[in-house]
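My notes follow in the order I checked them.

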Amino acid sequence: CINQKCADPCPGVCGLNARCLVVNHNPICSCAVGYMGNPFTSCQVSAVEEPKVPGGNPCQPSPCGPNSICLVKQGRPVCSCSANYIGSPPFCRPECVMSQECPYDKACIQEKCRNPCKQSCGLNAKCDVVNHTPFCSCLPGYQGDAFIGCSKIPAERPQPTDPCSPSPCGENAQCSSPDGVARCTCIPPYVGNPYAGGCRPECVISAECPAHLACLVNHCRDPCPGVCGINAECSVVNHIAVCSCLPGFTGDPFKSCRQKVVDVTPPRNPCEPSPCGPNSQCRVLNGNAACLCVSGYIGTPPNCRPE
């Protein structure tokens, strides 16, 4: 099992001119026929065997294979694996070649299953082995780079509580705490209850204002200023500004009014021309023409005639 997958453990394990045999999930390296040496490093061509001389050393050459020790006992070679190697000759091998051959809390270090945490983490740090890999973390109450060193976390000073955070005030209201107690006030020009319901503008529509005022920019104000023209007067009728020219003036009251021109005409003489007819005379009485026959004539104008 390599990286959580079933794979051949042999590739890259054995040396040059060596062959690999998997026995019980473990790769076993041995030199090929005609070669000798360390199968985990390199195998060389074996020297030509000289004819055995009776009474010679049975361990020369060694029949035990690589990574093994040959001892002569009672004239016979006795084989055993070298120190730090396991197995049985001629298949002596290291304890591990890759970390997957070790328990999960160990790693293969110098062909031995060892704890990988040794000298891996910094000061004031702890080490945990996860799947053969060391993971460093700072101890409780410490901070920093666990692989270099952790330092103690400085104690935090208690921060003074702010009674205005979160704000207990309503909408369009501001909070202040001059004596440590939250107090709410409406933000100008808003009015209302800053605690419950929130603050709102003085008006939104003119109907919320008195009849002689209109709602201008959320305020009840006189709508007349700046509305009427020159020589005009303004009056408010149901929130609406009504302009009219001053007495004696005429024109457009929203633009400008001018003074009325008086047409002076001399009084008309009702006796010119005379309405009385011939042989009569005309007199003005109370603005009207009064006709009389002249002396020596009789009748009634316009029919005055001699006697």
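**Burial and overall form**

I began with burial: 23% of the 307 residues of the protein count as buried. Buried means under 20% relative accessible area, exposed means over 50%, and partly exposed lies in between, using a 1.4 Å probe and protein chains only.

I noted the ground rules next. This is a predicted model, where local features need pLDDT of at least 70, side-chain atom pairs count only at pLDDT 80 or more, and totals for chains, interfaces and linings use all residues. Residues are numbered from 1 along each chain as its sequence is written, and side-chain values use heavy atoms, with hydrogens and water left out.

I looked up the secondary structure. The protein has 28 strands and 0 helices. The radius of gyration is 64 Å, well over the 19 Å that the globule rule gives for 307 residues, so the protein is more spread out than a compact globule. That radius is taken over C-alpha atoms, and the rule is 2.2 Å times the number of residues to the power 0.38. Strands and helices here are DSSP runs numbered from the N terminus: E of at least two residues for strands, H or I of at least four for helices.

The C-alpha trace spans about 215 × 55 × 25 Å along the principal axes of the protein.

I then checked contacts, meaning heavy atoms within 4.5 Å. Of the contacts between residues at least 6 apart in sequence, 23% join residues at least 24 apart.

**Surface and charge**

The protein exposes about 21500 Å², and carbon and sulfur atoms supply 54% of that area. The areas come from the Shrake-Rupley method with a 1.4 Å probe; for residues, only the protein chains shown count as cover.

I counted charges. There are 22 positive and 21 negative side chains, and the centres of the two sets lie 8 Å apart. Lys and Arg count as positive, Asp and Glu as negative, while His and the chain ends are not counted.

**Annotated stretches**

Residues 160-197 are 29% strand and 0% helix, with end C-alpha atoms 29 Å apart. Residues 267-305 are 38% strand and 0% helix, with end C-alpha atoms 32 Å apart.

Most residues other than glycine have a negative phi, and most peptide bonds are trans. I went looking for exceptions.

Pro89 and Pro90 are joined by a cis peptide bond, with omega about 5°. Pro90 sits in the loop between β7 (85-86) and β8 (93-94). The bond from Pro301 to Pro302 is also cis, with omega near 10°. Pro302 falls in the loop between β27 (297-298) and β28 (305-306).

Asn172 has a positive phi, near 60°. I found Asn172 in the loop between β14 (149-152) and β15 (173-176). Its relative accessible area is 29%, so Asn172 is partly exposed.

Asn286 has a positive phi as well, near 55°. Asn286 belongs to the loop between β25 (280-285) and β26 (288-293). At 81% relative accessibility, Asn286 is exposed.

Is Cys245 buried or exposed? Cys245 is buried, because its relative accessible area is 19%. Cys245 lies in strand β22 (residues 240-245). Not counting residues up to four places away in sequence, Cys245 touches Asn231, Ala232, Thr250, Gly251, Pro253 and Cys257. Cys245 and Glu233 are 12 residues apart in sequence, and their C-alpha atoms are 6.2 Å apart.

Gln259 lies in strand β24 (residues 256-259). Gln259 is exposed, at 57% relative accessible area. Beyond four places in sequence, Gln259 touches Gly248 and Phe249. I also checked Gln259 against Cys203: 56 residues apart along the chain, with 40 Å between their C-alpha atoms.

Val217 was my last stop. Val217 is in the loop between β19 (214-216) and β20 (219-221). Val217 counts as exposed, at 68% relative accessibility. Val217 and Pro201 are 16 residues apart in sequence and 9.0 Å apart in space, C-alpha to C-alpha.

Terms used. The place of a charge is taken as NZ of Lys, CZ of Arg, CG of Asp or CD of Glu.
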